[in-house]
Amino acid sequence: MNQHAKSAVLVSRTATVLVAEIDNRPVNALSHSVRAGLAAALDELERDDGIEAMVIASRGKLFSAGADITEFGSEMREPFLGEIVARLDSSPKPVVAAIAGRAMGGGLELALACHGRIANSDAGFALPEVKLGILPGSGGVVRLPRLVGVDPALTMIAEGKEVSAAAALDCGLIDRLADANLQEAAVSFAAELASPGALRRASTLPFPPFDRAQQEEARKRYAKKYRGREAPQRAVELFAMAAVTPFEEAARREYEVCRELLSTSQSRALRYSFQAEKAARKIENIPDNVEPLDIARAGVAGCGTMGRGIAIALLDAGIDVALYGRKEASLASAREAIAKTYASAVKRGRLTEDAVQGRLSRLATTTDISAMTGCDIVIETIAEDLEAKRELISAIDNVANDDTIIVTNTSFLDLEALATATSRPKNFAGMHFFNPANLMKLVENVRAKNSSAKTLVTLSTLAQRLSKTAVTVGAAEGFVANRMLSKRTREALFLLQDGATPAQVDRVLTEFGFPVGPFALADMAGLDVLAATRAARFDGMSERERGADIVERLVEAGRLGRKSGEGYYRYASDGRQSEDPSVAELLENHRRERGISARQIADEEVLERCLLALINEGANLVDTGTAARGSDIDVVWTRGFGFPTHLGGPMFWASERGLPFILDRLKHYSATVGPEFFAPSELIDRLAAENGRLVG
Ligand code: COA
């Protein structure tokens, strides 16, 4: 083989087949150098009469992650992907894509324009553009349905679902699987396609029927599933158009729609969110290249709801777990609960019985704290009682190996006071999991004063292994998530005092895009639990906040939320929620006792007060360094509390609205509702003066 490099594409040849390997690691994004390299390879294919066919392959762990996201927003340089794809499609000599690893976005579009596709059995295929608020623009929409049919194509394009190699073979996305030697198999396949009449182009196949009823059904389904999102709806429209439009014209329209979507605020927000998650992995002020501790065995000390959820998350990630509890009986019920969760995963087809047995065989339960010896990490997760936690942490410290990391799962206790219970402050930090810990995607890794870089990197790596997004935060009261949430909760209670109803507040926030409003959420969490949290924070609360004792009143009336059938709302036996006149009465009495006269509150005020409470506190957290960057706060809110990702998060949303506007509204509410709650954060004040942003 004679090989010569052409930019980020390595070109070599066998007797009659040209092999172009994309080499733009880490993810083989289709940057300008790759596009130019592919164009040059196509020139060679067209020019050289001795060559009959071409294979496009790749180096590195994946075929291609698609368009180079870092090129978005700047002037794209020619050749464009669309030109390459069109040249591939119309090439009189066959081209085969040899797909090892993932083919995503533009990478898959490139493969779709080839005349044959062959892949490793562990390959994956996805058009994830919709997750960035755009759609494929280089033939994905016009080619994929022609190969696989409307339904599988819609699932991939409008939902961004990835399909496995087996499924891709099944639906016709790829032609063959090859494991032993992919490139060799691709070369033979390409040579086969060079025989007369063998070449097939996706563009010449008929677009499958997509009638009005199918369109309407898809439109409704996506309106419900992706509330407020533009791109899935545009995908349905594009399918409808492509079904009745000649290929070339439909391809042009697809490109135009992709360009239009690229400049929408939703796409800007979604692309920002993608980068924000990547940025959150970078921990501030630690040296580069710190290696994490290898975690093979974890101890979980505490077998309540949180301990069980954390144990499941660890087992799912392939980590052995020693679950410690004080009483045999509570360990037995923890074991039962864990087995039940797994049984329901089997029932729903998520796990096989064998996989469950494998996980359960890695779970040991014990009442003997010395079982924590030999664990690489121990996560303490008992009730939020400082003294009890200190005692347990100290007991763990006594038996754990010297390099074991000890973690406390707390949502608000003083981390430094817990750190002094160990003899290893460097190997100590917090991990704030959310309930249910096996399902919730967010974890706050809390940095104590002396937590070492290795400890923090280990926790961040562990979170990734648990398929969670971790944000490393400082040890201020409530950290980032709960501290901000408590400000919104407080504001929502004040709105009730001022005259709003729980249903109005919830409606306004769900219309904004939250999956659930604060009062429906409170009913799910349990009002007794929230009353206990308020009691724990009592000393730190202002007079007005203490006075907004609506939760306590509801609990006194036996209304504990969903679990008792009544809370802010009333719940029917089938779980349906409705407003309850006795809550209106309770609120009326509450106001009367405090001499507050109810007023009509506009929806705009409800939204502004709830969001500004978040934004102002978020800015304070950035200013004091509790959050390393504004985008970390947005990750907490989009991943942890359902802030709509297509609006970016509170810090992005505020920056898009403009900080002078935000400052103005803060001043307005500071004057009308009270400076205690809306006195503008100094950071907002400073940035507004220079028309700056809270996020990059
Ligand atoms: N363009 C440019 N850079 C990209 C990229 C793309 N399409 N996809 C990933 N990268 C970068 C990441 O930002 C990261 O950079 P960093 O190391 O400087 O932070 C690096 O490549 C590695 O990616 P990472 O996500 O950390 O690796 P992973 O192995 O966890 O995941 C992917 C790899 C490809 C699955 C994942 O990055 C992904 O989903 N990318 C987006 C693909 C996409 O949406 N394509 C369509 C674009 S329209």
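## Ligand contacts

An oxygen atom of the ligand sits 2.7 Å from an N or O atom in the side chain of lysine 61. That makes a polar contact, meaning a pair of N or O atoms within 3.5 Å; within protein, one must be able to donate a hydrogen and the other to accept it, and residues adjacent in sequence count only if both atoms are side-chain atoms. Arginine 281 also uses its side chain: one of its N or O atoms is 3.2 Å from a ligand oxygen. Isoleucine 69 works through its backbone, where an N or O atom lies 2.9 Å from a ligand nitrogen. The ligand taken alone exposes 860 Å², and the protein buries 71% of that. Accessible areas come from the Shrake-Rupley method with a 1.4 Å probe; for residues, only the protein chains shown count as cover.

This is a predicted model, in which local features need pLDDT of at least 70 and side-chain atom pairs count only at pLDDT 80 or more, while totals for chains, interfaces and linings use all residues. Residues are numbered from 1 along each chain as its sequence is written, and side-chain values use heavy atoms, with hydrogens and water left out.

## The shell around the ligand

The ligand has 19 residues around it. A residue is near a molecule or strand if one of its heavy atoms lies within 4 Å of it. Lys61, Ala65, Ala67, Ile69 and Lys278 come nearest. Strand 6 (102–104) and helix 11 (265–280) each supply at least two residues of the shell. Helices (H or I, at least four residues) and strands (E, at least two) are DSSP runs, numbered from the N terminus.

Strand 4 (residues 53–58) is mostly covered: six of its six residues are buried. Buried means under 20% relative accessible area, exposed over 50%, and partly exposed in between (1.4 Å probe, protein chains only). In a regular strand the side chains alternate between the two faces of the sheet. Ala53, Val55 and Ala57 are buried on one side of strand 4, and Met54, Ile56 and Ser58 on the other.

Strand 3 (residues 17–22) runs parallel to strand 4, and six bridges join them. Two strands pair if DSSP finds at least two bridges between them.

The loop between strand 3 and helix 1 (32–47) holds proline 26. A cis peptide bond joins arginine 25 to proline 26, with omega about 15 degrees. Asparagine 28 belongs to the loop between strand 3 and helix 1. Asparagine 28 is not a glycine, yet its phi is positive, about 50 degrees. Its relative accessible area is 1%, so asparagine 28 is buried.

A cis bond also runs from glutamate 78 to proline 79, with omega near 0 degrees. Proline 79 lies in the loop between strand 4 and helix 2 (81–90).

## Helix 5

Seven of the ten residues of helix 5 (residues 150–159) are buried. They are Val150, Ala153, Leu154, Met156, Ile157, Ala158 and Glu159. Their cover includes helix 3 (106–113), strand 8 (124–126), helix 4 (140–148), strand 9 (163–164), helix 8 (212–225) and helix 9 (231–243). Just after helix 5, glycine 160 takes a positive phi of about 75 degrees.

Leaving aside neighbours within four places in sequence, threonine 455 is in contact (heavy atoms within 4.5 Å) with Ile405, Lys426, Asn427, Phe428 and Ala429. A polar atom of the threonine 455 side chain lies 2.7 Å from the backbone oxygen of lysine 426. Isoleucine 406 is 49 residues away along the chain, but its C-alpha atom is 9.1 Å from that of threonine 455.

Serine 467 has a positive phi of about 60 degrees although it is not a glycine. With a relative accessible area of 48%, serine 467 is partly exposed.

## Serine 631

Helix 26 (residues 630–640) contains serine 631. Serine 631 has a relative accessible area of 10%, so it is buried. Leaving aside neighbours within four places in sequence, its contacts are Tyr272, Ala276, Ala279 and Val695.
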